[in-house]
Amino acid sequence: MNSVILMASSFRRGGLLGMAFMMLGTLPGCDSRDQAVGKNKKDWAQPVVMESVDWKPRQVRIEAVGTSRAARSVTLFPEVTGEVVEVTLKAGDRVKAGQTIVQLDDRDQRLAVELARVELRDAERRYGRYQRTRESGSVTESALDDARSAVERARINLNRAEVALDYRSIDAPFDGHIGITDIDPGAQVDPSTEITTIDDRSNLLVSFQVPELFLGQITEGQAIAVSTWASGSPQHQGEVLEIDSRVNPQTRTFTVRAQVDNAEDRLRPGMSFRITLDLAAGRYPVVPEVALQWGNDGAYVWAVDGGTVSRVPVTVVQRLQGRILVESDALPEGMSVVTEGTQRMREGLPVASIAGL
């Protein structure tokens, strides 16, 4: 019994030693095979789909509420006190520059103009007669000078009479549309009486507020879109006309004024509008959305440089349709990023571009 146990123990020790020697004997052969396989893996490029990186500006959309006024707008007041004898136009009518809107009683002023013309003709005849008799010595230089001055005074009096006559008619200073008036023939008006308004609404000036963050990014001539608050309202195009020179310290905004074409006369001064302004702020790399990967330390892409891939951390700036603007200094324009096959990527892996997977 004891001899059997000793033989079994010896066999176990011998078997273990034999197996150990066999494993040691096979180790050199395994190392050489692993090195060959590693060499083959190094020479073999992983097939992937790549796409080049573009650089584009970041699109920022500003939306604001704007208030409009006519390109030219005026409230008319009479220059003098008088009685209204005629109102030639009504609210909504289109008026031409110089066209009379309200006429005051001007009979006295017309007579004053006629009298001034008669006095001027008399002064001119007297002066002419003195000039013709000057050579005979019957008229002194002093008398001739007085006659010349009389002509000038008479001409000035005529001009003043014509100005007083012009004040009796209230005319349009520019082309536009007449507003509502409460003046009727027979009414007495004075320089404080509001006659009516005139608006040149062929173009509207729309003012809106922009946060100071965008100061310097808006320029004159930049395009804007304007629409009313009505459902389904069409957009009207305009352009930035003026930019205020200061920032409001209470609101931290600055005023921008834009000009909107209203040739079809669909808009009215005083309306409020929804303003849309698109800005281009800086330039950033653009990568396909499928190329963006996420890890514990944030977003990254697999960039291809010299036939091998490297992991490049990025910061998402803006999402577009199917593409993403990212911030990274390691993605120059033209560099390729992996879009398909990203699951098999690791640092330094050789890759080859194919049309698709």
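User: How many bridges join strand β3 to strand β5, and which way do the two run?

Analyst: Three bridges join β3 (residues 82-87) to β5 (residues 100-104), and the two strands run antiparallel; strands here are DSSP runs of E of at least two residues, helices are runs of H or I of at least four, and both are numbered from the N terminus. This is a predicted model, in which local features need pLDDT of at least 70 and side-chain atom pairs count only at pLDDT 80 or more, while totals for chains, interfaces and linings use all residues. Residues are numbered from 1 along each chain as its sequence is written, and side-chain values use heavy atoms, with hydrogens and water left out.

User: What stands opposite V84 in β5?

Analyst: That is L104.

User: What is the strand order in that open sheet, and which strands stand at the edges?

Analyst: The order is β6-β5-β3-β8, with antiparallel pairing, where two strands pair if DSSP finds at least two bridges between them. β6 (169-171) and β8 (188-189) are at the edges, and each has a single partner strand, so one side of each is left without a neighbour in the sheet.

User: Switching to R168, where is it found, and is it buried or exposed?

Analyst: R168 is in the loop between α3 (141-166) and β6, and R168 is buried, meaning under 20% relative accessible area with a 1.4 Å probe and protein chains only (exposed is over 50%, partly exposed in between).

User: Which side chain of opposite charge is nearest to R168?

Analyst: It is D105, 5.9 Å away, and R168 has no salt bridge, a term that requires a side-chain nitrogen of Lys or Arg within 4 Å of a carboxyl oxygen of Asp or Glu. For charge, Lys and Arg count as positive and Asp and Glu as negative, with His and the chain ends not counted.

User: What lies 3.2 Å from a polar atom of the R168 side chain?

Analyst: The backbone oxygen of T81 does.

User: And which residues touch the most other members of the largest nonpolar core?

Analyst: Of its 22 residues, these are F208, V210, I218, I224 and I275; such a core is a set of buried Ala, Val, Leu, Ile, Met, Phe, Trp, Tyr and Cys residues joined through side-chain atoms within 4.5 Å. β13 gives the most to this core, with five residues. Another core, of 16 residues, lies apart from it and includes V84 and L104.

User: How much of β19 is buried?

Analyst: Four of the five residues of β19 (residues 336-340) are buried, so this strand is largely enclosed by the rest of the structure.

Technical notes: Polar contact = N/O pair within 3.5 Å; in protein donor to acceptor, adjacent residues only side chain to side chain.
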